[in-house]
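Student: I have a model open and want to go through it with you. Can we start with the way its parts pack?

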Amino acid sequence: LLEPSRINAINYSNDYTLWSNTQFTINSNSVTSPQGITNGTKIVPSTSNTEKSLDIGGFVRTSGQYISHSVYAKASGYNFLYISNSASRLYAVYDLQQGLVIYSNSNGTDFNNHSASIELFGNGWYRCKLIGQAQSSVGSYFRISCGANAVNSSTAGLFEGDGTSGIEVYGSQVELNASYETSYIPTNGAIATRLAESANVTGLSGVFGSSSSTAFLEIDIPPSGSLSTTGVWPLTAATDISNFISVCQFDSGSTTPRIALYIGGAAIIDQYLSTPLSAGTHKVCLAYEDGRQKLFIDGFEELSLTASFNYVEFTKLSINDTAWALGNNGGPYSNKQTAVFPTALTDSECIALTS
């Protein structure tokens, strides 16, 4: 798993006693979390007939940018989790017994393009995720609540708790300018940043074919306005400085892919596509051999060449680099999946792989 640089924008990701508390009893460090230690929290709604919520703010949403919210949760008497950004602006309801998203919504004024998902992590724990695109720039807060019933709302509404039932929670996270969630980044008093991750391996043998190869990657392009100030090479293979292939290199601040294949210092391919890639996830596949080089993106052929060259088996592989020879971390561009095939796949195989 290689992830882009991300920030958890809330400063207390797992200490719910420091969130704004409306009608909850908070039992910190009382249950075993997904981490496998007793640092999970059980929250229990009060017995009064009121709305109940836990809120934490301190971050600002920016118009046009996506925000990803996530929290680990487990049923503990009550089955339903409610999470939202700023009450009814963006919200979702989750069934922690069946592992389902019951409702998700946005008001269309502060947020749109909403989505919600739930992922099982074992032992009854789920990671519940909520994503939406902000339509205004203003301070926000992350809200958590729970209830005995599912209601299409940002909270369970007015209800009386029984004094013992609730849910267990762990590891809340808000990622700004993020169209999908990444792994948990703990915070304790201040926001925290995970640096972009890259990988480099040398001495490869037999990974790339003896006469042809195919390189595949699934890449995430960040939303407009969050582009890296440095270029990035999502997938590069090489033997040395004069023999290398780069699939979807991006120049500084650009989403237009450059495809490059150099053999013996000569450019077999060195070409920019005519159209930039839009924000979001794309699948790219380059099949190459002597006399045939084809690039496919999202199920469509984007480039077809017939250059002749003496094939070289690459022995180095780099992922998410600003410079393949140096191995520096890249910007917010993210390589989500990489595969190398020791043969040039057919057109139909490349279409199926990238669709």
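**Helix, sheet and rings**

Tutor: Helix α1 (residues 347-354) lies across β16, β21 (280-289), β22 (292-297), β23 and β25, and runs at about 160° to β21. Helices (H or I, at least four residues) and strands (E, at least two) are DSSP runs, numbered from the N terminus. Axes are lines fitted to C-alpha atoms, for helices over the stretch in contact (heavy atoms within 4.5 Å), and angles run from 0 to 180 degrees between N-to-C directions.

Student: What kind of model is this, and how are residues numbered?

Tutor: This is a predicted model, where local features need pLDDT of at least 70, side-chain atom pairs count only at pLDDT 80 or more, and totals for chains, interfaces and linings use all residues. Residues are numbered from 1 along each chain as its sequence is written, and side-chain values use heavy atoms, with hydrogens and water left out.

Student: What is the mean pLDDT of the chain?

Tutor: The mean is 90, and 94% of the residues reach 70 or more; pLDDT is the predictor's confidence in each residue, from 0 to 100. Over residues 326-330 the pLDDT is below 50, although this stretch has 17 contacts in the model beyond near neighbours in sequence. Where pLDDT is low, the predicted coordinates should not be read in detail.

Student: Back to the sheet. What is the strand order?

Tutor: The order is β23-β22-β21-β16-β25, an open sheet of 5 strands with antiparallel pairing. Two strands pair if DSSP finds at least two bridges between them. β23 (300-305) and β25 (334-341) are the edge strands, each pairing on one side only.

Student: How many bridges join β16 to β25?

Tutor: There are 7 bridges between these antiparallel strands. Ala215 stands opposite Val340 in β25.

Student: New topic: how many aromatic pairs are there?

Tutor: The structure holds 10. Rings of Phe, Tyr and Trp (its six-membered ring) pair if their centres lie within 6.5 Å; planes under 30 degrees apart count as stacked, over 60 as edge-to-face and the rest as tilted. Tyr72 and Tyr170 have ring centres 5.7 Å apart and planes at 50°, so this pair is tilted. Tyr72 is in β6 (residues 66-76) and Tyr170 in β13 (residues 166-176), so the pair ties together parts 98 residues apart in sequence.

Student: Are those two buried or exposed?

Tutor: Both Tyr72 and Tyr170 are buried (under 20% relative accessible area; exposed is over 50%, partly exposed in between, with a 1.4 Å probe and protein chains only).
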